[in-house]
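Trainee: I am new to this structure. Could you take me through how to read it?

Mentor: Gladly; here it is.

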Amino acid sequence: MQAEGIDVVSFGAGEPDFNTPEPICYAAITSITHGFTKYTPSAGIPELRKAVANKLERENGLRYTPDQVVVSCGAKHSVYNTMQVLLDPGDEVILIAPYWMTYADQIRLAGGIPVVVHAASESGFIPEFDQLKAAISQRTKAIVVNSPSNPTGAVLPRETLKQIAALALRHDLWVIADEIYEHLLYDGEKHTSIASLGSDIHERTVTINGFSKTFAMTGWRLGYAAAPVPVAKAMSNFQDQVTSNPTSFVQKGGVAALSLPPTSIEAMRAEFEARRDLIHGLLTAIPGVKMQKPKGAFYALPDVSRYLGKTMKTDADLAAYLLEEAKVATVPGSVFEGSGHIRLSYAISRADIEKGVARIAEALKRIA
């Protein structure tokens with residue numbers, strides 16, 4: 001529609017609208033001009049693996065050696081590698097819904113079975129301990145932890161992470177911790193890596209992160225996983241047969257990114273917080289729309305169930321209606337097993353947020 005010249009406000013993509021910081025770009029460009037364009041070790045160049053290990057210790061309180069780090073073509077790639085080496089056919093993996101839909105598909109691609117625990121919007125999408133406990137069976141192999149969360153923006157409290165760690169240890173489970181949004185936190189929230197809660201859970205956790213969200217490097221495709229040595233070696237061997245190394249000069253950009261001072265990303269984080277406040281206020285001003293204020297990431301997941309059941313039967317119908325009639329792109333909550341909701345990414349300008357939500361309000365008024 002946009003290619004046809006139609007004015008569509010898109011809340012669809014989870015992609016920062018900021019440019020990649022100049023020092024990162026310069027490092028990659030310089031490496032190209034100096035001929036750093038050949039194959040590298042499949043798990044990443046030693047310089048980057050060491051930089052990742054240093055970052056994890058400095059920022060997350062996690063001790064990993066470089067040989068425990070596997071650099072991949074994005075955090076999504078790291079999740080895929082993890083599922084492939086940890087799961088056997090029939091293994092069950094617990095997901096906390098609403099969840100990023102890729103998790104379920106990657107579990108199935110590895111022959112596993114997603115087992116879903118539905119967290120309520122009223123609780124800020126924080127799962128109850130009894131829910132998690134009840135989801136465990138003899139076939140459970142792992143639980144996925146994504147905090148801050150896509151699509152809810154929920155941040156799991158330290159106490160909830162302790163409960164998950166205790167369950168994992170009691171039942172000999174792996175924890176797959178996707179921490180890609182760790183630096184996008186609001187209202188003074190602090191990030192806790194579940195693997196930092198003790199040496200025992202550290203040995204049962206694969207910690208996954210990347211450069212896309214924090215450093216506005218979505219198209220660069222660079223992420224990493226840190227894991228116990230046997231798992232890291234298996235992931236490296238698996239990746240060797242699939243993609244080999246991540247792009248050589250992109251890895252140099254990753255080294256530069258991890259050497260930037262924390263202040264270099266604070267302006268972006270603060271702007272996302274301002275946009276969070278803006279979109280929350282605008283959406284909750286629409287009659288019948290309910291929404292908890294997200295504590296992290298850059299997604300809003302408002303409850304629009306009041307507008308479903310008559311003209312619009314499902315949230316997918318509503319998303320199609322908003323696109324066609326209001327020229328606003330959103331993602332149906334049912335994609336994330338969050339039926340009755342729609343997801344809006346506020347990684348767009350404040351002006352577009354205001355224009356887009358105004359269109360949504362007018363369109364909903366017509367079907368109220």
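Trainee: How many positive and negative side chains does the chain have, and how far apart do the centres of the two sets lie?

Mentor: Start with what is counted: Lys and Arg are positive, Asp and Glu negative, while His and the chain ends are left out. Each charge is placed at NZ of Lys, CZ of Arg, CG of Asp or CD of Glu. Here there are 36 positive and 39 negative side chains, and the two centres lie 1 Å apart.

Trainee: What kind of model is this?

Mentor: A predicted one: local features need pLDDT of at least 70, side-chain atom pairs count only at pLDDT 80 or more, and totals for chains, interfaces and linings use all residues. Residues are numbered from 1 along each chain as its sequence is written, and side-chain values use heavy atoms, without hydrogens and water.

Trainee: What share of the residues is buried?

Mentor: Buried means under 20% relative accessible area, exposed over 50%, and partly exposed in between (1.4 Å probe, protein chains only). Buried residues make up 57% of the 368 in the chain.

Trainee: Which residues have the most contacts inside the largest nonpolar core?

Mentor: A nonpolar core is a set of buried Ala, Val, Leu, Ile, Met, Phe, Trp, Tyr and Cys residues joined through side-chain atoms within 4.5 Å. The largest has 66 residues, and Phe11, Ile279 and Leu318 have the most contacts inside it. Helix H12 (residues 350-367) gives the most to this core, six residues. Another core, of 26 residues, lies apart from it and includes Leu48 and Ala226.

Trainee: Is Lys55 buried or exposed?

Mentor: Lys55 counts as buried because its relative accessibility is 3%. Look for Lys55 in helix H2 (residues 46-60). Contact means heavy atoms within 4.5 Å. Neighbours within four places in sequence aside, Lys55 touches Asn60, Glu182, Asn209, Tyr224 and Leu258.

Trainee: Which residues of H4 are buried?

Mentor: They are Thr102, Tyr103, Ala104, Gln106 and Ile107. These residues pack against helix H3 (75-86), E3, E4, E5 and strand E6 (174-178). After H4 comes Gly111, with a positive phi near 85°.

Trainee: Which residue has a positive phi of about 65° although it is not a glycine?

Mentor: Phe125 does. Phe125 sits in the loop between strand E4 (113-118) and helix H5 (129-134), and is buried at 8% relative accessible area. Ala297 is another non-glycine with positive phi, about 60°. Find Ala297 in the loop between helix H10 (263-284) and strand E9 (299-300); Ala297 is buried too, at 0%.

Trainee: Which residues does the cis peptide bond with omega about 0° join?

Mentor: Ala97 and Pro98. Pro98 is in the loop between strand E3 (92-97) and helix H4 (101-109). The bond from Asn150 to Pro151 is also cis, with omega near 25°. Pro151 belongs to the loop between strand E5 (140-146) and helix H6 (158-170).

Methods:
Helix = DSSP H or I, 4+ residues; strand = E, 2+ residues; numbered from the N terminus.
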